[in-house]
Amino acid sequence: MKRIISILIENKPGALARVVGLFHQRGYNIESLNVGPVFDGTYSRMSVTTRGSENDVEQITKQINKIIDVIKVADLTEGEHHEYEFILIKFNKLKLAEKIQKILKPLGGRMLEKNTKVIVMSAVGSSSDIEIAIKAIGRGNLVELVRSGSLGLHEGEKVLTI
Amino acid sequence: MKLSGGDLLMRALKDEGVKFLFGYPGGAALHIYDAIFRQKALQHILVRHEQGATHAADGYSRATGKPGVALVTSGPGATNAITGLATAYMDSIPLIVISGQVQSHLIGTDSFQETDMIGISRPIVKHSFIVQNAEDIPRIIQEAFYIATSGRPGPVVIDIPKDKTDPSKLFQYKRSKQVTLRSYQPRVLPHPGQIKKAAKNLLSAERPVIYAGGGVILGDAHKELIALNKILKAPVAHTLMGLGAYPSNDKYFTGMLGMHGTYQANMAMHNADVILAIGARFDDRITNTPSLFAPKARIIHIDVDPASISKIINANIPIVGQVKESLIALIKEIKRSKLKIDSDALESWNGQISTWRTKHGLNHDLYLQKTKSKMILPQVVVQELYHATKGNAYVTSDVGQHQMFVAQYYHFNKPRRWINSGGLGTMGFGLPAAMGVKLAYPKHEVVCVTGEGSIQMCIQELSTCMQYNLPIKIININNEALGMVRQWQDMNYGGRYSASTYADSLPDFVKLAESYGHVGMKVTKQSELRKTLNKAFAMKDRLVFVDVYVDPNEHVYPMLVAPNGSMQDMWITKNIKA
């Protein structure tokens with residue numbers, strides 16, 4: 001099943017490569033990956049989406065935890081959590097503008113650029129809603145698509161912090 | 001006083017208690033080498049190949065428990081250190097490798113002797129550092145030693161661009177009282193509830209087995225292991241890496257377990273009702289087919305590394321903690337418990353193990369017997385070596401049949417006496433490792449048991465032994481073939497010796513040793529074996545290379561039947577499957 005692993009990691013050169021390398025080294029796949037410095041910028045928060053059994057993910061989180069630069073790891077999928085993804089799309093079939101805008105409306109769709117050649121829009125939603133929306137638009141109708149990968153956060157008062 | 005980066009490095013290493021630097025100079029490391037020239041606290045040992053430097057530092061570490069340090073230059077120096085790093089990583093050895101790097105402004109430009117050492121070594125180190133500011137060198141050294149030696153130990157790489165050791169740039173030397181890293185808390189104490197559960201299970205066990213690995217030695221917990229089994233009276237089996245922690249001459253010792261473990265050790269594991277795994281990681285050379293492993297056993301697993309627990313075999317009672325502290329807690333809990341061991345059940349279980357031992361156990365008196373074979377048996381070489389050294393030597397080995405024969409027939413009674421590459425299985429390890437051991441313990445007998453295949457992988461270090469006067473004894477168990485490869489080809493490939501023989505092209509090892517300035521001896525008859533060994537060991541201040549020609553048809557037994565076998569499925573001899 002799909003898992004979202006959240007990692008707090010020292011913002012040091014090479015730290016990201018240690019995490020990414022570990023997935024390959026231990027025979028696991030990364031489906032999506034998002035990373036960026038948070039708060040004081042001395043550390044980053046990563047959200048890694050992967051697939052595997054409970055045992056697989058337990059082993060992945062244990063191995064990630066062993067990386068010296070990793071401060072904390074959590075498998076968000078163990079409990080209730082929020083999961084969101086951000087996308088940017090570009091299309092040139094201008095007559096589809098209305099249809100696409102309608103599809104993306106529940107996902108906070110915004111027009112970022114509109115001219116006589118192309119339209120660029122953004123949207124936010126759970127990965128499954130994003131999937132449904134892209135399907136509804138029709139992949140062939142897009143000239144470009146970029147996805148942030150899943151971002152995750154625990155529900156309720158539970159926090160992942162240093 | 002202000003110091004240059006190179007001098008900061010020397011000072012920091014000295015403050016970590018480093019005595020020896022095993023290394024090889026080159027362009028990117030020359031500022032550091034000049035700093036070595038200016039100081040007296042550390043002795044630099046010039047090896048003949050960087051692989052030798054890493055194995056020598058590794059051997060030093062395995063024998064002493066202190067981190068070993070190797071110093072190499074950038075590019076080829078760094079890549080030659082990779083095998084040594086992987087060797088140390090697989091056996092959790094605290095090895096520090098300092099690599100020179102091209103100047104900062106040249107990094108990424110494919111400059112002369114540039115290689116991405118941090119990238120190349122990433123999967124085989126516990127951690128790595130690249131020095132970005134020269135004044136950070138003391139802090140990085142302190143952190144590197146702390147990381148290498150704490151928790152589950154492992155190798156650490158420190159990559160130093162040449163400009164960070166520029167002799168014209170001076171900095172203040174600062175050393176912290178203690179290292180703290182917010183992302184790394186290696187000290188883990190066992191959970192009292194888990195210790196209670198473990199004690200209860202062990203005390204009510206009828207067929208317990210202690211399966212103890214290298215973690216007992218790394219965690220300096222051999223005394224606690226012995227103390228625990230004074231109470232439990234359970235059979236104790238060691239992994240290849242654990243040998244020496246529990247004394248081989250103790251009546252509860254079953255010998256090594258696993259691929260070439262003894263019949264009684266493997267049968268005990270397969271039939272146990274409780275297995276106490278201590279600092280061991282259930283690797284494939286132990287468990288055979290995981291789904292068939294110890295079907296009746298509840299597993300208690302003590303390890304400082306949580307990722308080792310339930311990785312291959314699910315642990316019923318996981319205990320994450322330092323081995324020493326965990327065993328102390330377990331002993332305390334057992335003493336406090338109202339439960340007592342079931343003496344009747346244990347007597348009958350230990351009796352069963354004796355029966356297995358009698359049935360298919362190893363014959364430790366082969367050397368006393370007149371054998372049908374005209375050639376010397378390799379097992380006999382190890383038995384004679386054991387008697388010639390009174391079982392007191394530090395023994396290093398390379399990889400293959402000779403390594404297994406030492407594990408089976410040299411009875412290690414003390415920890416850190418058996419120095420071999422278990423996890424990675426690195427041929428070429430034995431001789432340089434022996435150099436590290438000999439430097440650490442110059443008054444002790446240090447023996448490298450090797451084969452004519454392995455020894456040729458780092459034979460150049462004979463020259464280093466001459467330069468630093470290291471009177472190691474090398475016992476070359478010469479079967480004129482890659483013995484373990486040949487054994488597998490005999491058993492699984494219809495005796496087709498693909499690329500495993502070279503009898504016509506072997507060097508004359510006696511002359512070879514002599515050309516390096518050492519003593520060479522050759523033995524072909526069993527009647528000469530003891531005499532020659534005694535003569536070799538009498539030459540206290542010389543390196544003696546004893547080339548012993550053995551029966552090339554000899555195999556290592558027992559051998560687990562693989563694939564699809566369990567631990568009770570063993571070849572006992574060429575024709576008997578138990």
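Student: Which residues of α17(B) are buried?

Tutor: Note that this is a predicted model. Buried means under 20% relative accessible area. In α17(B), that label goes to Gly430(B), Leu431(B), Pro432(B), Ala433(B), Ala434(B), Met435(B), Gly436(B), Val437(B), Lys438(B) and Leu439(B).

Student: Now a single residue. Is Gln487(B) buried or exposed?

Tutor: Buried: its relative accessible area is 0%. Gln487(B) sits in helix α19 of chain B, residues 483-492. Setting aside neighbours within four places in sequence, its contacts are His260(B), Gln401(B), His555(B), Val556(B) and Met559(B).

Student: And in a loop? Where does Pro186(B) lie?

Tutor: In the loop of chain B between β8 (170-172) and α8 (192-203). Pro186(B) has 10% relative accessibility, so it counts as buried. Beyond neighbours within four places in sequence, Pro186(B) touches Tyr146(B), Ser150(B), Gly151(B), Val304(B) and Gln322(B).

Student: Last, surface charge. Which residues form the negative surface patch?

Tutor: Like charges are joined within 9 Å. Here the negative patch consists of Glu206(B), Asp342(B), Asp344(B) and Glu347(B). Take Asp344(B), which belongs to helix α14 of chain B, residues 343-360.

Student: Is Asp344(B) buried or exposed?

Tutor: The cut-off for exposed is over 50%. Asp344(B) has a relative accessible area of 63%, so it is exposed.

Definitions and conventions:
Residues numbered from 1 in each chain as written. Chains lettered and ligands numbered in written order. Predicted model: local features only at pLDDT ≥ 70, side-chain atom pairs only at ≥ 80, totals over all residues. Heavy atoms only, no water. Patch = residues over 30% accessible without salt bridge, like charges linked within 9 Å, V, L, I, M, F, W, Y side chains within 5 Å. Areas by Shrake-Rupley, 256 points an atom, 1.4 Å probe, with all protein chains shown as cover. Salt bridge = Lys/Arg side-chain N within 4 Å of Asp/Glu carboxyl O. Lys, Arg positive; Asp, Glu negative; His and termini not counted. Charge placed at Lys NZ, Arg CZ, Asp CG, Glu CD. Helix = DSSP H or I, 4+ residues; strand = E, 2+ residues; numbered from the N terminus. Buried < 20%, exposed > 50% of the residue type's maximum accessible area, 1.4 Å probe, protein only. Contact = heavy atoms within 4.5 Å.
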